[in-house]
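Biologist: I have a model open and would like to learn how to read its features. Could you take me through a few of them?

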Amino acid sequence: MMAPLLSWLSNHGFDITRLRFAARTAIAACIAFVLAWLIGLEHPQWSAMTVWAASQPTRGQLWEKSLFRGLGSISGTIVGVLLVLSMQLHPSLLVIGLALWVGACTYIGNLQRGFVAYGTVLAGYTAAMVSLLDAAHPDQVLGLGADRLATVMTGIVVATLIGSLFAPKAATGELRQKVRALLTDMIAEAAAATPSHTRRRQLLSDLAAIEEGLDPHAAGSIRSRQSIRATRTLLIAATPLLLWKHGDSQPEGFRRHLSAASLALADENIAETLADLKASAETPGLSPRLRETLDTTGAALANWHADPHERRSVAASAKFAPLSVVLHRDWTGAREAGLRAFGALLLFGVLWLVTGWSVGAFMLLGLSVMISLFSTFENPAQMMKSVFQGQLAGVIGALILRWLVWPMAETETQMILFALPLILIGPLFVAHHKTVAMSFDYNMVLMLMSQPHWPLTGTFETSVAAGLAVIAAPVAAMGAYLTIYPANLKRRLDTLMTAMLHDLSDLAADPKALQTRSHWQARLYHRTLRLVRLSERAARAQTEAQDAALALLNLGHAAMWCHREAEHQEEPRMAAHEMAISDSDRRAARAALMRLAYLREDPARTRATLVKLQARHTGPEAALLREAVSGIDTLTPLLTTLD
C-alpha cells in the first residue's frame with residue numbers, strides 16, 4: 001500500500017528521501033510539544049520549534065548542531081535575563097543592549113563556520129526571544145528565563161534521541177572516493193605537456209565544490225574532524241597542480257613519473273603513488289617550485305591516507321610538512337553584517353518604544369532572526385522572499401488553528417491534540433520542490449503563534465495584528481539587506497577578490513614571506529576555492545572569476561619565486577649552475593616585488609617590470625613569469641570595477 005503512495009508522491013514533485021526525514025522530524029516535534037506541555041512549561045510549542053531547528057539528516061551533524069544550539073541557548077538566555085533586568089533602570093537599555101548583543105553575535109558568527117557559527121548567531125536572537133517576550137514581567141524574569149531554557153532543552157533532547165535512533169552516519173567512503181578521483185585527474189593533467197585551460201577550470205571547479213562540502217562530514221566526532229582537516233590539507237596542497245604550464249621545459253622523466261603516479265592513484269595504490277611523486281620531484285634539474293609542490297602534495301597524501309592514530313607520526317617523519325590549513329574569513333562582510341544588525345534593531349527598537357506598538361515585540365523578535373541568521377547567505381535579500389511566503393503560510397495556519405480548530409476543544413488536552421495534525425502537514429511542504437524553500441518558516445511560525453492556553457483569550461484582531469508583525473520582519477530585513485551595506489553575490493565576489501589582492505600585496509611586501517609561505521599559500525589557495533565556488537552561483541561571472549583566481553595564484557607563485565630569487569635561498573638537490581644568481585638578478589626580483597605590492601594601483605607598471613624580469617630568464621622560471629604577466633592582463637579590466 002505504501003509503495004503506490006510513495007510512487008504517486010514522487011511523480012507529483014515530492015522528494016521521498018526528504019519526506020522521510022521531515023516526517024521523522026515532525027513526529028519528534030509532536031513528541032516534544034506534548035512532553036513540554038506535560039512538564040508544565042509555559043510555551044510548549046517552542047520545544048517543537050527547537051526540534052525543527054535542531055534536526056539534521058546525519059547523526060554527527062545532529063549531535064554537533066544540538067550541542068551548539070544548547071550552548072547558544074544558555075548564553076542567549078543569560079543575556080536576555082540581564083536585558084530585562086536592565087530595562088527597569090530605563091526601557092531604552094533593553095533596545096540598545098539587544099542591538100549591541102545581536103550585532104556582536106552576527107559579527108562573530110560571520111567569521112566562524114558550520115554549527116559553531118550557528119550557535120553564535122542563535123545566542124543573539126535567543127536573547128531577543130527571552131527579553132522581548134518577558135519584558136512585561138521583569139519581576140518574574142528569572143523563572144521565565146529558566147522556563148524558556150527548559151523548553152529549548154526539551155526540544156534538543158527529543159530531537160537528539162529520535163535522530164540518533166534513525167539518522168544514519170555520514171558516508172565518508174564516498175567522499176574519499178571523490179577526493180581520490182579528483183586528485184588522479186589533477187595529477188594526470190599536470191603531467192600533460194600542454195594542459196587544457198578549459199580542463200584546468202573544470203578541475204578547479206570540482207575542487208572548490210568538494211572543499212565547500214567538507215564541513216558537514218567533520219561534525220560529530222574528533223576523529224571525523226581530524227579526517228576532514230587532513231582532506232582539506234590535501235586539497236589545498238594539490239591546488240598548484242592546476243597552475244603548471246611547463247610544456248617541454250622540464251627535464252626528461254618528470255612527466256613519465258607523474259603519469260605513473262596518476263595511474264597508481266587510480267588503482268588506489270597509495271604506496272606506489274607516493275613513490276612516483278617522489279621520483280618525479282627528484283628529477284635532476286626540476287624547477288624548485290614544482291619540486292616543492294610535489295613534496296608538499298606527497299606529504300599531504302600520506303597524511304590523508306594514514307590511519308587517524310598514525311597521522312601525527314606520518315607528519316613528523318615527512319621531510320616536507322603539509323601546508324597548514326588557513327581558512328578564509330570575510331572580515332569586511334562580518335563587520336558590515338554586525339553593523340547592519342545593530343542599526344536595524346536599534347532603529348525598529350526605538351520606533352517600538354516611541355509608538356508603543358502592542359505587538360512590536362513580535363516584529364523585533366522576527367527581525368533579530370532575519371537580520372542575523374540569514375546574513376551568512378550569499379544573497380539574503382533574495383532569501384527574504386521565500387521567508388516571507390513561509391511565514392505568511394505559518395501565520396495563516398496559526399490563525400486557522402486558533403480561530404477555527406481550537407474553539408471546538410473543550411479542554412487544554414484537546415487543544416494539544418488538535419494542534420498535532422497541523423504539525424504533521426509540515427513534511428509535505430518540506431518534501432515538495434515548490435514549497436521546500438518556505439517550509440522551515442511555515443513550521444516555525446505556526447508554532448511561534450500557537451500558544452495552547454485554556455480557556456482561550458484574546459480577539460481575532462489581536463491575532464491578526466501579531467501575524468502582521470511577524471511577516472513584517474522579513475520585509476524590514478529585506479529593506480536592510482538592500483540599503484545597509486547591500487548584501488548580494490556581486491558584492492561578496494568583489495570583497496573576496498579585494499581580499500586576495502591584499503593578500504598578494506602583503507605577500508610581495510613581506511620580508512619574511514619565505515619563512516611563512518605555508519601560511520600565505522594556504523590562505524590564498526582557500527580564498528581561490530571560495531571565489532570559484534561563489535562565482536558558480538552567477539553564471540555570467542563564473543568564467544571570469546575562475547580566470548581571475550588562476551591569475552592571482554600565478555601571481556602569488558611569482559611573488560614567492562621573486563622572494564627566493566631576491567634572498568638567494570639555496571634549494572636542496574639544485575645543480576651548481578642553478579645557483580648562479582647575479583646582483584642585478586636580485587635587484588630585478590626586488591623591483592618586481594615592489595611593483596607587485598602596488599599591483600592594484602598601477603597594473604601597467606607592474607606588468608612592464610615583470611616583462612623585463614621574464615626577459616632575464618629561460619625555462620620554467622620564464623614560463624612562470626609569462627603566466628604572471630598573462631595574469632595581470634586578465635586582472636586589469638577587473639581592478640577598476642572593485643569597490
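Biologist: Where is E268 found?

Modeller: Look at the loop between α12 (254–266) and α13 (270–281), and you will find E268 there. Keep in mind that this is a predicted model.

Biologist: Which residues does the cis peptide bond join?

Modeller: That bond joins W454 and P455, and its omega is about 0 degrees. To locate P455, go to the loop between α20 (436–448) and α21 (460–483).

Biologist: Now a helix: how far apart are the end C-alpha atoms of α14?

Modeller: Helix α14 (residues 288–305) has 18 residues, so at 1.5 Å a residue it should span 26 Å. Its end C-alpha atoms are 26 Å apart, which agrees. This helix is also mostly covered, with 16 of its 18 residues buried.

Biologist: Why does S205 count as buried?

Modeller: The relative accessible area of S205 is 10%, which is under the 20% cut-off, so S205 is buried. S205 belongs to helix α9 (residues 197–212). Beyond its neighbours within four places in sequence, S205 contacts V532, E536 and Q546.

Biologist: Which residues touch the most other members of the largest nonpolar core?

Modeller: They are M497, L555, L610 and L635, in a core of 90 residues. Helix α24 (residues 539–567) gives the most to this core, namely 14 residues. A second, separate core has 84 residues, including A53, M384, M438 and A477.

Biologist: What is L555 in contact with, neighbours within four places in sequence aside?

Modeller: Its partners are L504, L596, L599, L610, A628, G631, I632 and L635.

Biologist: And which residues form the nonpolar patch on the surface?

Modeller: I74, I78, L82 and L85 do, and together they have about 350 Å² of accessible area.

Terms used
Residues numbered from 1 in each chain as written. Predicted model: local features only at pLDDT ≥ 70, side-chain atom pairs only at ≥ 80, totals over all residues. Heavy atoms only, no water. Patch = residues over 30% accessible without salt bridge, like charges linked within 9 Å, V, L, I, M, F, W, Y side chains within 5 Å. Areas by Shrake-Rupley, 256 points an atom, 1.4 Å probe, with all protein chains shown as cover. Salt bridge = Lys/Arg side-chain N within 4 Å of Asp/Glu carboxyl O. Helix = DSSP H or I, 4+ residues; strand = E, 2+ residues; numbered from the N terminus. Expected span 1.5 Å × (residues − 1). Buried < 20%, exposed > 50% of the residue type's maximum accessible area, 1.4 Å probe, protein only. Core = buried A, V, L, I, M, F, W, Y, C linked by side-chain atoms within 4.5 Å. Contact = heavy atoms within 4.5 Å.
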